[in-house]
Amino acid sequence: MLEIRGVSAGYGRLEALKSVDLTVAKGEVVFVVGPNGAGKSTLLKTVSGLMAPSAGTIAFNGETIAGEPPERLCCRGLALVPEGRSIFRTLTVEENLSVAAMIRSDRDAAAADRERVLDLFPILRSRYHGVAGHLSGGEQQQLAIARAILQRPLMMMIDEPSLGLAPLVIDQVYESLRQLNADGLTLLVVEQSTARILDLASRIYVLRNGHVALEGAACDLADGH
Ligand code: ADP
Ligand code: ADP
């Protein structure tokens, strides 16, 4: 579904990605892990069109996407949940979901889509009329993911979904990712910490200094440690 071949990218003279190869097949949950500064965010930025690679190719469903603006990617079925949670903090949960749903659906379809994500994230139902900026960190992350789902993507990229969350809250967020994947959504997830990803991951890429240092199935990488 996603094919990244020999992609390099940087900031001025700093090369943040050095000839990275990475693939995501339909139905997979692929994790990219690595320490701070490894190039994880830069990788997501190049795939989501926020940054142009200096070399290499990126294809989504067989079509080249490197250099395409983010709003085009959304129409192709590729959604991004950026680091820091893309929600409107001063709007209510209902308003956040309504705005996201209207991007792709007519009024009836939007209402049905909204019900579907509320079933998936029951906590958002109980906070429906609350202001998004007042939600807990975990609730805001679920709202950000819910907003991305309303674009009806084939694949979703998520930057550090567990950042700043308590372990139990991470479990809830990961459980919702598991459900989404079971419903057919392909996932590319970037995380700094590896502790909780082994159950969910189909494959894992370890990024270090812009290189893919290690790649493999979750069970193989787990055996090695
Ligand atoms: P990660 O997401 O794995 O922490 P990043 O992709 O953010 O890594 O960063 C990779 C490298 O690029 C780091 O050396 C970082 O300092 C540098 N970098 C990231 N963003 C910028 C930027 N906007 N300007 C200059 N250098 C940057
Ligand atoms: P977490 O540890 O999961 O991040 P928080 O301590 O941020 O949780 O929030 C706990 C609860 O308090 C949540 O249900 C959240 O909705 C509510 N809450 C947090 N901040 C505010 C606020 N400024 N106003 C109203 N409710 C809040």
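**Figure 1. Charged side chains across the predicted model.** The protein has 22 positive and 26 negative side chains. The centres of the two sets lie 4 Å apart. This is a predicted model. Side chains of opposite charge can pair when their charged atoms come close. The structure holds nine salt bridges. Three of these pairs get their own views below.

**Figure 2. The whole fold.** Eight helices and 10 strands make up the secondary structure of the protein. The C-alpha atoms fill a box of roughly 45 × 40 × 30 Å along the principal axes. How does the radius of gyration of the protein compare with that of a compact globule? The two agree: a compact globule of 225 residues would have a radius near 17 Å, and the protein has 17 Å. Buried residues account for 50% of the 225 residues. Now take contacts between residues at least 6 apart in sequence: 68% of them join residues at least 24 apart.

**Figure 3. The salt bridge between Glu139 and Arg127.** Glu139 pairs with Arg127 through a salt bridge. Their closest N and O atoms are 3.1 Å apart. This pair links distant parts of the chain, 12 residues apart. Glu139 sits in helix α6, which covers residues 137-149. Arg127 sits in the loop between α5 (122-126) and α6. Is Glu139 buried or exposed? Glu139 is buried, because its relative accessible area is 11% and the cut-off for buried is under 20%. Arg127 is partly exposed, with a relative accessible area of 36%.

**Figure 4. The salt bridge between Arg178 and Glu175 in helix α7.** Here the closest N and O atoms of Arg178 and Glu175 are 3.4 Å apart. Both residues belong to helix α7, residues 167-182. About one helical turn separates them, because they are three residues apart in this helix. Arg178 is partly exposed, at a relative accessible area of 37%. Glu175 is partly exposed too, with a value of 37%.

Figure 5. Arg203 and Glu215 form a salt bridge, with the closest N and O atoms 3.0 Å apart. What does this pair tie together? Arg203 lies in strand β9 (residues 203-208) and Glu215 in strand β10 (residues 211-217), so the bridge ties together parts that are 12 residues apart in sequence. Arg203 is buried, with a relative accessible area of 14%. Glu215 is partly exposed, at 43%. The pair also belongs to a network: salt bridges that share partners join Glu28, Arg203 and Glu215.

Figure 6. Leu198 is found in the loop between β8 (186-191) and β9. Leu198 is partly exposed, with a relative accessible area of 38%. How far apart are the C-alpha atoms of Leu198 and Leu221? They are separated by 8.9 Å, while the two residues are 23 apart along the chain.

Note on methods. Residues are numbered from 1 along each chain as its sequence is written. Chains are lettered from A and ligands numbered from 1 in the order in which they are written. This is a predicted model: local features need pLDDT of at least 70, side-chain atom pairs count only at pLDDT 80 or more; totals for chains, interfaces and linings use all residues. Side-chain values use heavy atoms; hydrogens and water are left out. Helices (H or I, at least four residues) and strands (E, at least two) are DSSP runs, numbered from the N terminus. The radius of gyration is taken over C-alpha atoms; the globule rule is 2.2 Å times the number of residues to the power 0.38. Buried means under 20% relative accessible area, exposed over 50%, partly exposed in between (1.4 Å probe, protein chains only). Contact means heavy atoms within 4.5 Å. Lys and Arg count as positive and Asp and Glu as negative; His and the chain ends are not counted. The place of a charge is taken as NZ of Lys, CZ of Arg, CG of Asp or CD of Glu. A salt bridge is a side-chain nitrogen of Lys or Arg within 4 Å of a carboxyl oxygen of Asp or Glu.
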